[in-house]
Amino acid sequence: MDSLSYWRNRILSTILFFGVAVGFFVLISMFPMAIENRFWGLMFWDSLIWSAGAALLFLPQIGYTVRAVFSLLFVYIIGVVITVSVGPLSGGPAWLFCFAVLAGILFGPRVAIFALLVNMVTMAVIGYLMIHGKFGGDFPFFKSERLMIVAGINFLFLNSLSAISVAALVRGLTVSHEKEKQLSLSLKKEQVKLGLEIKDRTRAEEKYSDILESIEDGYFEVDVQGNYTFFNDSMCRILGYSRQELMGMNNREYMDRGNAKMIFNTFSQVFRTGIPTKVLDWQLIRKDGSVCYVETAVSLIKDQNGKGTGFRGIARDISDRRQLEKQLRQAHKMESIGTLAGGIAHDFNNLLYIIMGNTELAIDEIRRDNPLYTYLERIKSASLRAADVVKQLLNFSRETRQDLKPLDIVLVIKDEARFLRSIIPSTIDIRHNLPNAEISIAADPIQIRQVLMNVCTNASQAMEMTGGVIEISAEEMDLTEDHALQYPNLSPGRYVRIAIMDTGPGIDPENLDRIFDPYFTTREVGKGSGMGLAVVHGIVKHHKGAVSVTSTKGKGAVFSILFPVLQIDGPGKAFKTVLKL
């Protein structure tokens, strides 16, 4: 039910309630007079109308139109009956007056005009009959017919004015209500439409959000100042910040000045031209201080007027790829150096054979007291030292013959630790953390001992002035395909990882990439050949393993050496490397 119908029902119910309530007392007070004067007709009609009014009030199943029509009819009948029974100078015209006004309220202007016409006809008929003496000769009456006509015209005029005014007001309310209803319907339609649009947009945003959160690449949006306004979880993972920390953060806070300047120039170019950038490599600083590299494409965000309001982009973490490329370049460099060193060593070895052979022949031909004997011995000694250098070069270049056999690396480490204890200063503590079980690898025992000797000697030399700790540990590990990306030359499989950790001064970051290069050393002249770690690299590579180093300046270094584990089969001790090919 709309508001206009609601109030019309309320008005009708109020009229019926007061009519029934007041009518009850009127009937009680009227009955003695009616009985005394024998107004049986008046008693009948009043009682009938009161009963009908009570029925209209207390029977809600009766519709509004029926209730309203009968209510108006009862008011009209009461007015006519009183006027005919008592005369025009009674309450009858007042009831007729209410009849027209209520018609306008309950049904509007048209019914009000109809009710006025009914009143005019009724009053004209009653007046005509009374003037011609048909009835009402003893009624209180006006002094002249003209006065009666004037009074009737005034009654009809006031009745018309009141009824039409009320009807006009109701009409205005009706029109306003219809407009309000139409507006409400239009608003509801717009609300439904807006709700559907919001629902569609919400679905699109959820789908968009699901896509963004499902990709591994970072998505970000920044304002024109470079402050984060939106991003996905992958962007948080790349930079190491939480959502709360990253929201509103400026790009200068996670990069150095050089990269910040480069990014500023890139964003400025995109803002001026509106053309998205191609893929760029940025160096960023994570929350923990570590460096990561991202591959980024950036485009401009525009408003409805085409004005740039910010930037959006995709950032892909390529730190692992950069590290892999770095390792591949290092491997190719070491391969090239090894090839060159092997060729030089072969040629130099041939020359040494000639020099050493002729020197020994000359020594055999002269006496020891000959002054030349001392010079020849020096030539021979220098040739032997040169032969050792050639051997080291051949070990680095993997040109020497290897006798690989099953070797318990745990036992070798224990033996070598005891030997190192006798040659390393006592200010340096040697510890080992080894499993009780045997771990077998295919190796040349002499060369494996040389690897341990060279790495531990290098560590002890770094701590000879301050003292410290060298700790050797070994454990088996499964190298998965994901982890194998860190070691380009290794296949996934079962490996033993030997970690040699020291508490020395650490290695400068700029030297880490050159630590395994032949003849590279940071020690004083005469205190290191620069071939120790290069030989380690060559031996480990020849054993199908890998060696790497991590170091923080002032916190020592850790050398990690990986060898494939052997699986011993059957009584004959046949063995095979546990690798996934």
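Predicted model: local features only at pLDDT ≥ 70, side-chain atom pairs only at ≥ 80, totals over all residues.
I found K544 in the loop between α16 (532-542) and β11 (546-551). I also checked its backbone, and the phi of K544 is near 60°, which is a positive value in a residue other than glycine.

I went through the secondary structure of the protein chain and recorded 16 helices and 14 strands. Of the 581 residues in the protein chain, I noted that buried residues make up 38%. I then turned to the contacts with a separation of 6 or more, and residues 24 or more positions apart account for 60% of these in the protein chain.

I looked for nonpolar cores, and the largest has 45 residues, with I409, I470, I498, I500 and I561 having the most contacts inside it. Helix α13 (residues 445-462) supplies the largest share of this core, namely seven residues. Apart from this core I found another, of 25 residues, which includes A260, F267, C292 and A315. Going back to I500, I listed its neighbours while leaving out residues up to four places away in sequence: I500 touches L452, V455, C456, I470, E471, I472, A557, V558, F559 and I561.

What is the angle at which helix α12 and α13 pack? I read about 45° for α12 (residues 409-423) and α13, with their axes 10 Å apart, and this angle makes α12 oblique to α13. The crossing in which α12 passes α13 is right-handed. On the α12 side I wrote down I409, V412, I413, D415, E416, F419, L420 and I423, which meet I448, R449, L452, M453 and C456 in α13. Sorted by class, the residues of this contact of α12 with α13 come to ten nonpolar, no polar and three charged.

I next followed α13 to another partner, and α13 and α16 pack at an angle of about 145°, with their axes 9 Å apart. The crossing of α13 and α16 is left-handed. The contact is formed by Q447, Q450, V451, N454, V455 and N458 of α13 together with G532, L533, V535, V536, I539 and V540 of α16. I counted the classes here as well, and the contact of α13 with α16 has seven nonpolar, five polar and no charged residues.

From α4 the residues L96, F97, F99, A100, A103, G104 and F107 meet P109, V111, A112, A115, L116, V118, N119, T122 and M123 in α5. The residues of the contact of α4 with α5 divide into 13 nonpolar, three polar and no charged.

How values were computed. Residues numbered from 1 in each chain as written. Heavy atoms only, no water. Core = buried A, V, L, I, M, F, W, Y, C linked by side-chain atoms within 4.5 Å. Buried < 20%, exposed > 50% of the residue type's maximum accessible area, 1.4 Å probe, protein only. Helix = DSSP H or I, 4+ residues; strand = E, 2+ residues; numbered from the N terminus. Contact = heavy atoms within 4.5 Å. Axes fitted to C-alpha atoms, helices over the stretch in contact; angles between N-to-C directions. Parallel < 35°, antiparallel > 145°, perpendicular 65-115°, else oblique. Left-handed = near helix turned anticlockwise from the far one by under 90°. Nonpolar A, V, L, I, M, F, W, Y, C, P; charged D, E, K, R; others polar.
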